[in-house]
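Please look through the sequence and the model below before reading on. The paragraphs that follow go from a cavity to a sheet and then to one helix.

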Amino acid sequence: MFQNNKLTKLLNIQYPIIQGGMAGVSEHILVAAVSNAGGIGVIGSGFASPSWLEEEIKQTKELTTKPFGVNLLMQNPNIADLVKVIIKEKVPVVFTGGGNPLPILPYLKQSGIKVVAVVPSVRLASKMEQNGVDAVVVEGMESGGHIGENSTFCLIPQARKVIKNIPLIAAGGIYDGSTFSAAVLLGADGVQIGTRFMASNECQIHENYKKAIIDATDEDVVVVARFTGHPIRAIKNKLSETIKKMEEKSPFPEELNSERFAGNKGSANIDLTPLLCGTCAGGISEIKSCKEIIEEIVNDAQKTIKDTEQFYE
């Protein structure tokens with residue numbers, strides 16, 4: 001299964017499932033667990049320092065011999081030094097987001113590192129292919145954290161029409177066999193999953209954060225801080241309500257440094273921390289191991305696709 005899949009062949013993995021590079025959340029324990037389970041784990045470097053990233057890469061290597069990646073936030077002022085660390089440590093693949101990756105692309109490609117661009121629009125997906133990235137992730141507004149304006153359901157088929165030669169990966173709202181199957185039927189070669197892996201045994205966020213995810217309904221996940229230009233999707237709590245009240249007063253964007261919300265692991269008191277989370281939280285009801293999550297997705301996807309075929313008989 002998946003032997004001829006474009007994404008599994010590109011990344012040398014068993015299943016076309018990528019763990020989203022969530023800043024401060026995707027650390028070596030989670031990353032290695034996903035890679036060992038047949039997907040590919042991704043370290044979320046966010047605004048981290050080069051020394052932090054180097055240590056995370058080394059610790060990941062101690063836990064897995066399988067391919068793994070690093071997500072680079074292009075807004076990080078230390079981006080040049082992070083690239084040097086990645087090249088030095090021979091990380092197989094880099095995922096980029098939060099800005100233009102083209103300036104660093106030649107350095108990574110010359111070092112034999114595959115580059116996957118995470119983008120919020122069809123136009124940018126096409127631009128990335130034209131400039132030589134190895135694959136693109138189109139991420140819909142259903143995802144957690146900072147979001148775009150397009151839905152995953154609409155992005156995938158539109159991107160499929162223009163992306164011809166590289167793998168197309170879907171992200172946003174994907175968490176089980178049904179949503180995996182939907183992405184594939186719409187034209188994706190693989191998926192990127194974040195929130196579902198947060199509710200895993202190996203994820204290092206606080207247990208109260210995990211509980212908030214599995215207890216959440218579709219009405220508990222809200223978008224705040226649109227006025228900053230960096231809207232955030234998160235679970236409703238006292239902090240989100242405070243931000244909504246700020247929005248009513250038409251504040252300056254600088255009054256809320258929302259681009260720095262990533263990297264939070266939660267705490268015993270989760271009311272005053274940003275609980276970044278995707279809309280799929282309403283469908284997650286149990287904490288499992290990464291291996292169990294991936295196997296469940298793959299097995300349920302096979303059943304879903306068979307049921308879909310029977311629909312047309």
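How many cavities of 30 Å³ or more does a search of the whole structure find? The search finds one. This is a predicted model, in which local features need pLDDT of at least 70, side-chain atom pairs count only at pLDDT 80 or more, and totals for chains, interfaces and linings use all residues. Residues are numbered from 1 along each chain as its sequence is written, and side-chain values use heavy atoms, with hydrogens and water left out.

A cavity here is a set of points, on a 1 Å grid over the protein atoms alone, where a 1.4 Å probe fits but cannot get out; lining residues have an atom within 4 Å of a point. The largest cavity holds about 50 Å³ of space. Its lining comprises 12 residues, and those nearest its centre are Val 224, Ala 234, Leu 239, Ile 243 and Pro 274. Strand S11 (232-235) and helix H11 (238-247) are the elements that give two or more residues to this lining. Helices (H or I, at least four residues) and strands (E, at least two) are DSSP runs, numbered from the N terminus.

The sheet comes next. Eight strands make up an open sheet with parallel pairing, in the order S1-S9-S8-S6-S5-S4-S3-S2; two strands pair if DSSP finds at least two bridges between them. Strand S1 (17-19) and strand S2 (41-44) stand at the edges with a single partner strand each, so one side of each has no neighbour in the sheet. From one strand to the next, the twist averages 25°. Within the sheet, S6 and S8 run parallel and are joined by four bridges, and Val 138 stands opposite Ala 170 in S8. Helix H6 packs on the sheet, where H6 touches strand S5 (114-119) and S6, and the direction of H6 makes about 165° with that of S5. Such angles run from 0 to 180 degrees between N-to-C directions, with axes fitted to C-alpha atoms, for helices over the stretch in contact.

Helix H7 (residues 152-162) has Thr 152, Leu 155, Ile 156 and Ala 159 as its buried residues. Seen down the axis of H7, these residues fall within an arc of 100°, so they line one face of the helix. Phe 153 and Lys 161, on the other side of H7, are exposed. Buried means under 20% relative accessible area and exposed over 50% (1.4 Å probe, protein chains only). The cover over the buried residues of H7 includes helix H6 (122-130), strand S6 (135-139), strand S8 (168-171) and helix H8 (177-186).

Thr 152 is buried, with a relative accessible area of 6%. Leaving aside neighbours within four places in sequence, Thr 152 is in contact (heavy atoms within 4.5 Å) with Gly 140, Glu 142, Ala 170, Ala 171 and Gly 172.

Note on methods: The arc is that of the directions from the helix axis to the C-beta atoms. On a 1 Å grid over the protein atoms alone, a cavity is a set of points where a 1.4 Å probe fits but cannot get out, and a pocket is an open set with protein on both sides within 12 Å along at least five of seven lines; lining residues have an atom within 4 Å of a point. Grid points are joined across faces, edges and corners, and a volume is the space filled by probe spheres set on the points.
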